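These are my notebook entries on one structure. I set down what I looked up, one topic at a time.

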Amino acid sequence: MVIESFVSLDRPVPVQPICTEWSEQAGVTLDMLRLDELDPDISGNKWYKLKHNLIHAREQDKTAVLSFGGAWSNHIHALAAAGHRFGITTVGVIRGEPSSELTATLIDARRWGMQLHYLTWADYRRKHDPDLIDKLLSQSGLLPEQVHIVPEGGSNRLGVSGCQGILAAGRVPPGRYDEIWLACGTGATLAGIALTASETMPDTRVKGVAVLKGADFLRADIDRHTQRALSNWTLLTDYHHGGYARTTEALRSLIISFEQEAGIPLDPVYTGKVLFALKDSLRTNAAHYRSKRLLVIHTGGLQGRRGMVMQR
Ligand SMILES: *Cc1c(COP(=O)(O)O)cnc(C)c1O
């Protein structure tokens with residue numbers, strides 16, 4: 001593993017002005033931080049969550065990284081791509097039965113050399129059981145001491161610390177934005193952004209859009225991720241569109257019209273829901289938002305879009 005090579009991903013990501021009919025009408029300045037453009041394979045927020053995990057693995061002389069995810073997981077995809085690029089053995093523990101037809105995500109992962117293990121939903125629930133992990137590792141010919149284990153989504157302390165570098169990657173100047181909007185799965189990315197904002201942009205509010213149904217528990221998770229209760233963020237829990245990876249006709253039509261107007265593809269699992277929530281908030285809180293300067297973080301995930309037809 002060549003640690004210097006990680007530097008190749010320490011590059012600026014573009015911030016792009018967005019113009020849509022609804023943002024014009026609301027009188028806001030809307031920009032998008034294009035983490036989806038960071039790299040063709042190691043996309044979006046997942047690189048920032050992996051970065052310090054890979055450095056840590058390297059420093060601890062681990063030769064392999066193991067992590068967990070679903071068959072369309074952006075995290076598994078990014079980990080497999082990073083492992084391939086930087087010469088790290090990767091092991092993916094995948095939720096569900098091996099289907100006769102591999103998903104496009106897992107085809108890529110396998111092509112990049114990731115070793116895949118499948119766990120039934122029942123076994124996946126006990127995925128942190130050391131005996132279970134040891135069994136999977138021995139099937140991969142690895143010893144536990146050789147392996148750095150990263151939780152699902154890359155959402156550990158090292159993942160949060162990587163996400164504290166996201167606004168710097170966008171060269172986002174302090175004081176530029178009134179609000180920063182982004183999607184929340186585990187909330188680790190929001191935690192990193194909120195920590196940066198609390199230190200460098202005290203007047204900026206961070207707005208997270210939960211993509212899971214019933215995500216009120218996430219507020220406590222985010223406090224754990226930040227290791228102190230910050231008051232500069234809000235979590236919106238009413239824009240899940242039925243739950244994780246669920247979509248509605250209204251969401252799909254917003255994604256299509258956004259792509260036509262702004263020329264930017266959105267994934268329906270994460271950033272699509274953020275734009276939907278933002279558009280709705282601009283309409284329902286028009287007076288509050290007039291003249292506000294807003295940044296949306298496009299967290300990537302477009303590879304997972306290949307699965308949307310199958311998931312419905
Ligand atoms: C994983 C993911 C998220 C959610 O990140 P969390 O840190 O788990 O909240 C958001 N957007 C995309 C595209 C993702 O793949």
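Helices and strands in these notes are DSSP runs numbered from the N terminus, a strand being a run of E with at least two residues and a helix a run of H or I with at least four. I note at the outset that the model is predicted.

**Entry 1: Thr 90**

I began with Thr 90, which I found in strand 4, residues 89-95. Its relative accessibility is 1%, so I record Thr 90 as buried, the limit for that class being under 20%. I then listed its contacts, leaving aside neighbours within four places in sequence: Val 65, Leu 79, Ala 80, Gly 83, Gly 113, Met 114 and Gln 115. I also looked up the C-alpha distance from Thr 90 to His 148, which is 9.7 Å across a sequence separation of 58 residues.

Is Thr 105 buried or exposed? I found a relative accessible area of 0%, and Thr 105 is therefore buried. Asp 108 counts as buried as well, because its relative accessibility is 10%.

With residues up to four places away in sequence not counted, Thr 105 touches Ala 71, Trp 72, Ser 73, His 77, Gln 303 and Arg 306. For Asp 108, leaving aside neighbours within four places, I noted contact with His 77 and Arg 306.

**Entry 2: the ligand**

I turned to the ligand and counted its surroundings. The shell holds 15 residues, and the closest are Lys 46, Lys 49, Thr 186, Thr 189 and Thr 299. By class, I recorded 10 polar, 3 nonpolar and 2 charged residues in the shell.

Which elements supply at least two residues each of this shell? I found helix 2 (45-59) and helix 9 (188-200). Helix 2 gives the largest share, with 3 residues.

I then looked up the polar atoms facing the oxygen atoms of the ligand. A side-chain N or O atom of Lys 49 lies 2.7 Å from a ligand oxygen. For Gly 187, a backbone N or O atom is 2.9 Å from an oxygen of the ligand. For Ala 188, a polar backbone atom is 3.4 Å from a ligand oxygen. The ligand taken alone exposes 380 Å², of which the protein buries 97%.

In soluble globular proteins, nonpolar side chains tend to be buried together. Here I found a largest nonpolar core of 58 residues, in which Trp 47, Tyr 48, Leu 54, Phe 86 and Leu 167 have the most contacts. Another core lies apart from it and has 31 residues, among them Ala 26, Val 28, Val 209 and Ile 255.

**Entry 3: Phe 6**

Phe 6 sits in the segment before strand 1 (15-18). I record Phe 6 as buried, because its relative accessibility is 2%. Phe 6 and Lys 51 are 45 residues apart in sequence, and their C-alpha atoms are 7.6 Å apart.

**Entry 4: positive phi**

Arg 171 has a phi near 50° and lies in the loop between helix 8 (166-169) and strand 7 (179-184). Its relative accessibility is 59%, so Arg 171 counts as exposed. Gln 227 has a phi of about 65° and is found in the loop between helix 10 (218-226) and strand 9 (233-236). I record Gln 227 as exposed, because its relative accessible area is 62%.

Methods: Residues numbered from 1 in each chain as written. Predicted model: local features only at pLDDT ≥ 70, side-chain atom pairs only at ≥ 80, totals over all residues. Heavy atoms only, no water. Near = heavy atom within 4 Å. Polar contact = N/O pair within 3.5 Å; in protein donor to acceptor, adjacent residues only side chain to side chain. Areas by Shrake-Rupley, 256 points an atom, 1.4 Å probe, with all protein chains shown as cover. Nonpolar A, V, L, I, M, F, W, Y, C, P; charged D, E, K, R; others polar. Core = buried A, V, L, I, M, F, W, Y, C linked by side-chain atoms within 4.5 Å. Buried < 20%, exposed > 50% of the residue type's maximum accessible area, 1.4 Å probe, protein only. Contact = heavy atoms within 4.5 Å.
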